[in-house]
Amino acid sequence: MPLPQDTVVHIGDTVRLWNTYGGNGGFLETNGAGPTGGKYDVCTNAYYNRTGNVTDWRISRP
């Protein structure tokens, strides 16, 4: 992931999201198809590079 040139998050930027709830930190990652009716199954993991880009999220417009 290239380093940002400023501190602003822009449309199209790739980010990694860190969960701080209850002191149980972890990167938000996807695990393919989610439960019935869900688009993705997500969880947190302590490693940002556990496997192929599962923790990379892209900022986009709705």
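Y40 lies in the loop between β3 and β4. Strands here, like helices, are DSSP runs numbered from the N terminus (helices: H or I, at least four residues; strands: E, at least two). The model is a predicted one, where local features need pLDDT of at least 70, side-chain atom pairs count only at pLDDT 80 or more, and totals for chains, interfaces and linings use all residues. Residues are numbered from 1 along each chain as its sequence is written, and side-chain values use heavy atoms, with hydrogens and water left out.

Stay with Y40 for a moment. Setting aside neighbours within four places in sequence, Y40 is in contact with T30, G32, A33 and G34. Contact means heavy atoms within 4.5 Å. The C-alpha atom of Y40 is 9.7 Å from that of E29, and the two residues are 11 apart along the chain.

E29 takes us into the sheet. This residue sits in strand β3. E29 counts as buried because its relative accessibility is 1%. The cut-offs are under 20% relative accessible area for buried and over 50% for exposed, with partly exposed in between (1.4 Å probe, protein chains only). Which residues does E29 touch, not counting those up to four places away in sequence? The partners are D41, V42, C43, N45, R50, V54, T55 and W57.

Now for the sheet itself. Three strands form an open sheet in the order β2-β3-β4, and the pairing is antiparallel. The edges are β2 (18-19) and β4 (42-45), each of which pairs on one side only. Two strands pair if DSSP finds at least two bridges between them. Strand β3, residues 26-30, is joined to β4 by four bridges, and these two strands run antiparallel. T30 stands opposite V42 in β4. F27 has N45 in β4 as its bridge partner. In a regular strand, side chains alternate between the two faces of the sheet.

N19 has G26 in β3 as its bridge partner. β2 and β3 also make a hairpin, with six residues between them. In its turn, G22 has a positive phi of about 60°.

Next, the aromatic rings. How many aromatic pairs does a search of the whole structure find? The search finds two. Rings of Phe, Tyr and Trp (its six-membered ring) pair if their centres lie within 6.5 Å; planes under 30 degrees apart count as stacked, over 60 as edge-to-face and the rest as tilted. W18, F27 and Y48 together form one aromatic cluster.

How covered are these three? F27 counts as buried because its relative accessibility is 17%. W18 is partly exposed, at 46%. Y48 is partly exposed too, at 40%.

Strand β1 (residues 14-15) holds V15. Why does V15 count as buried? Because its relative accessible area is 17%. V15 and V54 are 39 residues apart along the chain, and their C-alpha atoms are separated by 11 Å.

Finally, step back to the chain. There are zero helices and five strands. From the N terminus on, the elements run β-β-β-β-β. The C-alpha trace spans about 40 × 30 × 25 Å along its principal axes. Of the 62 residues, 11% count as buried. Among contacts with a separation of 6 or more, 41% come from residues 24 or more positions apart.

The accessible surface comes to about 5,100 Å², with 54% of it belonging to carbon and sulfur atoms. These areas come from the Shrake-Rupley method with a 1.4 Å probe; for residues, only the protein chains shown count as cover. The chain carries 5 positive and 5 negative side chains, and the centres of the two sets lie 5 Å apart. Lys and Arg count as positive and Asp and Glu as negative, while His and the chain ends are not counted. Each charge is placed at NZ of Lys, CZ of Arg, CG of Asp or CD of Glu.
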